[in-house]
Structure formats: structure tokens, C-alpha cells
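Subject: Structure handover

Hello,

Here is the structure for your files.

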Amino acid sequence: MLSPLAWIAITLTIFVALLVIKLLLDKRRKEAPVTQEEQSIMQPAVVQLSIVEQCCLQTLQQVAGAEFDVRNKVALSKLSNSDAGSNHQTLDFVLFSKKSGKPTCVIQLKSPSGDDESTMEQALEQANIALYQLPRRSSYSITDMRDLLHAHIKTPPPSPDEMLATLSMRAFRLCNKCQSQMALKRAKNGPHKGMLFWVCEGYPDVCSGVELYSE
Ligand SMILES: [Zn+2]
């Protein structure tokens, strides 16, 4: 027969052993790399765009939002039926008419590597889709973009203030630096004039949280 003290000792040992195992398991779980699936849930597709692409997308959405769906990274093969062979190219931005659901025009940022884009040009020409090529810039003027696409856009876009008000009602964001609420604001000057940003309510005194707005 074991004495009561021995029983207490055994129970304690088991308890401590279980605790250690639990801690080890927790530690391993924390260290485990994030699976790709988890990553794709955390990061919507839009985040994978470069800053240049995000700026261009935002400008396009502001110019064409009422009439078009702006989709990014669309496979050329989805728009053209030709079997040109190298249709694996992706298009940076495609404006789809909300009314007809059909692609109307393509906005392509000039490839930094200077790839041959003649296949794409031909395929789009055959499919009767306009192609606009833009240089890569850190910002895109809303006015210039409107001029560029004026042939496609019929309804006048909402004024910048109207648009900001609509977006502010729909969207909500917490600062990832301090978890305070952020407000949607339009840059009034500087190189990003006209672009929309999330600005932390503590900015600029308490917190430096500012993020480019993306849908
Ligand atoms: Zn903040």
C-alpha cells in the first residue's frame, strides 16, 4: 500500500508532466509556419499587388467605379479566344462593364523587364478590346486617367467628396499599429494627391498609422 504522501507525490508529478507537455505543444504551435491556406485567408488578393499597382487600381476604381468592375491580374486567355499559344500572359487591369459583364478595355502597366507584348496587343485587337499602356509611377492622376478612358466612361463619376462619403459609410478599419479606429481621407497635396488613405485617429501625434486605401 502506498502512503497518502506517495499518492500526492505521484499526482503532482503527473500534473507537472502534463503541464510541461502542454507548454511544449503550445510553443510548437506558435512556431509552426503559417500554411499557405491560412495566408491566403489573411491576405486578400489585392494585397499581393505592388504599391504601384495598388495606386493605379485605386485611381481606376475612382474613375470608373460607377460603371465598371475593375479586376486585376486577369489571364489574357480569359478575354481572347485566339490560340496564339502564349496566352498565359496576365493583364494588369481589366474594366468589365457592370451592365453587360463584358470586358471593355485593358490597362497595362509597362513591364519592367521590357517583355514582348505584341501577342497581347494582337489578341486584344482581335477581341476588339482597347488596350492602354501606362508607365509605372508612384501615383496616377485621376484627371489624366479620366481623360485616357473618356471614350468608355459615359456617366459622370461622383465628385471626390461624394465618393469619400459613400466609401466611409461602407468601410471600417482599425490601425494595425495601435488598434485605434481609422478614418478615410484624401491626400490634398504631395505626390499622392487625390489618393485615398486610411489615417489613424492618433495621427500624427500619437501614432504614425497610415495605409493606402484598397477595396
Ligand atoms: Zn494607430
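This is a predicted model. I start with strand E6, residues 196–200, which pairs with E7 in the antiparallel sense over 3 bridges. Within that pairing, Trp 198 has Glu 211 of E7 as its bridge partner, and Phe 197 stands opposite Leu 212 in E7.

E6 also pairs with E5: the two run antiparallel and are joined by 5 bridges. Here the bridge partner of Arg 186 is Leu 196 in E6.

Taken together, these strands form an open sheet of 3 strands in the order E5-E6-E7, with antiparallel pairing. Strand E5 (182–186) and strand E7 (210–212) are at the edges with a single partner strand each, so one side of each has no neighbour in the sheet. On average, neighbouring strands of the sheet are turned by 30 degrees against each other, direction ignored.

Two helices are placed against this sheet. Helix H3 (residues 51–64) packs on it and touches E5, E6 and E7, with its direction at about 70 degrees to that of E7. Helix H7 (residues 160–170) lies across E5 and E6 and runs at about 165 degrees to E5.

What does the covering of E6 look like, residue by residue? Leu 196, Trp 198 and Cys 200 point one way from the strand, Phe 197 and Val 199 point the other way, and all are buried. As a count, 5 of the 5 residues of E6 are buried, and the strand is mostly covered.

Next, the largest nonpolar core. In soluble globular proteins, nonpolar side chains tend to be buried together. The core here has 26 residues, and those touching the most other members are Cys 56, Leu 60, Phe 93, Leu 95, Ile 107, Met 145 and Leu 149. At least two residues each come from H3, strand E1 (68–75), strand E2 (90–97), strand E3 (103–109), strand E4 (130–134), helix H6 (142–148) and E6. H3 gives the most, with 6 residues.

Why does this core lie between domain 2 and domain 3? Both domain 2 (51–148) and domain 3 (169–212) give residues to the core, so it lies between them.

Regards

Key. Residues numbered from 1 in each chain as written. Predicted model: local features only at pLDDT ≥ 70, side-chain atom pairs only at ≥ 80, totals over all residues. Heavy atoms only, no water. Pairing = 2+ DSSP bridges. Helix = DSSP H or I, 4+ residues; strand = E, 2+ residues; numbered from the N terminus. Axes fitted to C-alpha atoms, helices over the stretch in contact; angles between N-to-C directions. Contact = heavy atoms within 4.5 Å. Buried < 20%, exposed > 50% of the residue type's maximum accessible area, 1.4 Å probe, protein only. Core = buried A, V, L, I, M, F, W, Y, C linked by side-chain atoms within 4.5 Å. Domains from an automatic or database assignment.
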